[in-house]
Each structure stands twice: as structure tokens, then as C-alpha cells.
Amino acid sequence: MAEKTSHDDRPTVQVEGIGLTRPDRQGLEAVILDKVSFSAAKGRITAIVGPSGGGKSSLIRLINRLDDPTAGRILLDGVDIAGLDPLLLRRKVAMVLQRPFMFPGTLLHNLQRPLVYRKEPVPTAESPVVRRTLELARLTPDLLERDARSLSVGQQQRASLARAVITSPPILLLDEPTSALDRPTGDQLAAALQDICRQQEMAVILVTHDLRLAGRIADDLIYLEAGRIREAGPAAEVLAEPASAEFKRFLAEPEEKE
């Protein structure tokens, strides 16, 4: 498996020997993840791809402690996240879910919500942080006073992205963010994601079934199947010259990626 490199001496996120098991319907321990290790560096996008049920979403849920592993550890800038308060951790590790959720109120209210939770000064519509976040998320200022739930699905997905990054967390996790979007709208979200990653120097970890998206924006790619990493490395190289039989089969069977 190709080793992933970082521009820094120490990656922002290190996943070391992660295992996850859960009881199945018969009460036996089912393996969800098995000895998963990788790193993700700031300013880079890591895409995790693989068939449904392979453990992709379970893996990123561990990184902001929506669940805890049964083996291994996850380090954030060298610190084991198991010892961090989950609420404080989630200020550093933001997550955008597959289906966008909008709080009641306007788009501006939604963008202000993370600051309200932190009991920090709430930015106005004219504030530089709001305007910069809108620009990065490919949203226009005239949407700020719109009811957030009246926005299109694509706008809501980008609004979720904007809300997640307005406080500049070092880590951004995304679970199938384009699955409900048509291709042009998905491309808009992808462009916004690239800008945010580069300009705010975030480590972005993206779960997606969309190999086209992964090929366009990912710096690094991980192929996860049956809870194990079968292939990993620079995205362009892995996609151009897959080495493992599992990934070659996945690429040849498009129905697996729907």
C-alpha cells in the first residue's frame, strides 16, 4: 500500500490500527473495521471510497467521536482524541452529513448558530467572516435573509458546509455530500470544498461513492472494503494504476457505486 505524505512533519489526523466491532442479529461480534491506519494532512483532501457496507461512514464517525473504536487510536495533532471532551473535539472536527439539515430561521441565523453555541460574539450579515464564508461556499449575500429551509437542496448543502467552516475548524469530515445533488450542483459543491480546504488549510476527509468527484478534487484516496484498507495513495496514481484486485473489480463494476 502506498504511503501518504504530508507537507508537515506531523499529520493533522493519524488513524492507527482502528478496529470496530458490533453485535450482529445473532449476538455475535461483527467486524466493521479491521486494523485501519492512515493519516490526513492540512490543506489536503482525502477521499475514502468503497462499496456500501464497507465501513466508510463508520470510520469517519469515529474521528469526531460519534462512536468510539474497540481497538486502536486516533490522534489529532499528536493528541489521542479518546482523552478529549467530545463537545470540545467537535469544535475542531466539523462534520457535514449526507442530508443537509437547516435550523429554523434564515441562512444568516444558521451561519450564526455555531458562534451562539460557543457563546462568542455573533457576526452580522456585513461582517467579513460571513462574507468570506459565503464566497468560499459559493453562496450569494442576497440569500442571507431567506428562510434556510426554502433554499434548494444544493444551496442547503453548501449552507451546511458554510456553517461547518465559519469557525475555521482544522478538520472537516463529509459523508456523501453530493449523493442527492445533480452533477452541476455537485460540481459547485466540489469547487467550494477545494477552495475551503486550500484557503483555510483544513484537513478534509471525504466519504463518497462518486469516483468522478474523488478524481477531480482528492489529493489522496483510500479504498475501503469489508472494513479494511485495500489500497491507498495519491488519488491520481491510485485511480490511474490500481494495484489491488479488489479495487480493480470495484472500478469495473459501476453498479457497486450507486
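Reader: Where is tyrosine 117 found?

Author: In this predicted model, tyrosine 117 belongs to helix H3.

Reader: Is tyrosine 117 buried or exposed?

Author: Tyrosine 117 counts as exposed, because its relative accessibility is 53% and the cut-off for exposed is over 50%.

Reader: Which residues make a nonpolar surface patch?

Author: Val116, Tyr117 and Val122 make a nonpolar surface patch of about 290 Å².

Reader: Turning to helix H5, how many residues does it have?

Author: Helix H5 has 13 residues, 153-165. From its first C-alpha to its last it reaches 19 Å, which is close to the 18 Å expected at 1.5 Å a residue.

Reader: Why is H5 described as largely enclosed by the rest of the structure?

Author: The reason is that 12 of its 13 residues are buried. Among them are Gly154, Arg158, Leu161 and Val165.

Reader: What do the buried residues of H5 pack against?

Author: They pack against two strands, E6 (93-96) and E7 (171-175). They also pack against the helices H3 (107-118), H4 (128-136) and H6 (183-199). Helix H3 is also where tyrosine 117 is found.

Reader: What about glutamine 157: buried or exposed?

Author: Glutamine 157, which is found in helix H5, has a relative accessible area of 2%. It is therefore buried, as the cut-off for buried is under 20%.

Reader: Which residues is glutamine 157 in contact with, leaving aside its neighbours within four places in sequence?

Author: Glutamine 157 is then in contact with Val96, Leu97, Gln98, Pro100, Pro177, Leu181 and Leu189.

Notes: Residues are numbered from 1 along each chain as its sequence is written. This is a predicted model: local features need pLDDT of at least 70, side-chain atom pairs count only at pLDDT 80 or more; totals for chains, interfaces and linings use all residues. Side-chain values use heavy atoms; hydrogens and water are left out. Helices (H or I, at least four residues) and strands (E, at least two) are DSSP runs, numbered from the N terminus. The expected span of a helix is 1.5 Å times one less than its number of residues. Buried means under 20% relative accessible area, exposed over 50%, partly exposed in between (1.4 Å probe, protein chains only). Contact means heavy atoms within 4.5 Å. Patches are made of residues with over 30% relative accessible area and no salt bridge: like charges are joined within 9 Å, nonpolar side chains (Val, Leu, Ile, Met, Phe, Trp, Tyr) within 5 Å. Accessible areas come from the Shrake-Rupley method with a 1.4 Å probe; for residues, only the protein chains shown count as cover. A salt bridge is a side-chain nitrogen of Lys or Arg within 4 Å of a carboxyl oxygen of Asp or Glu.
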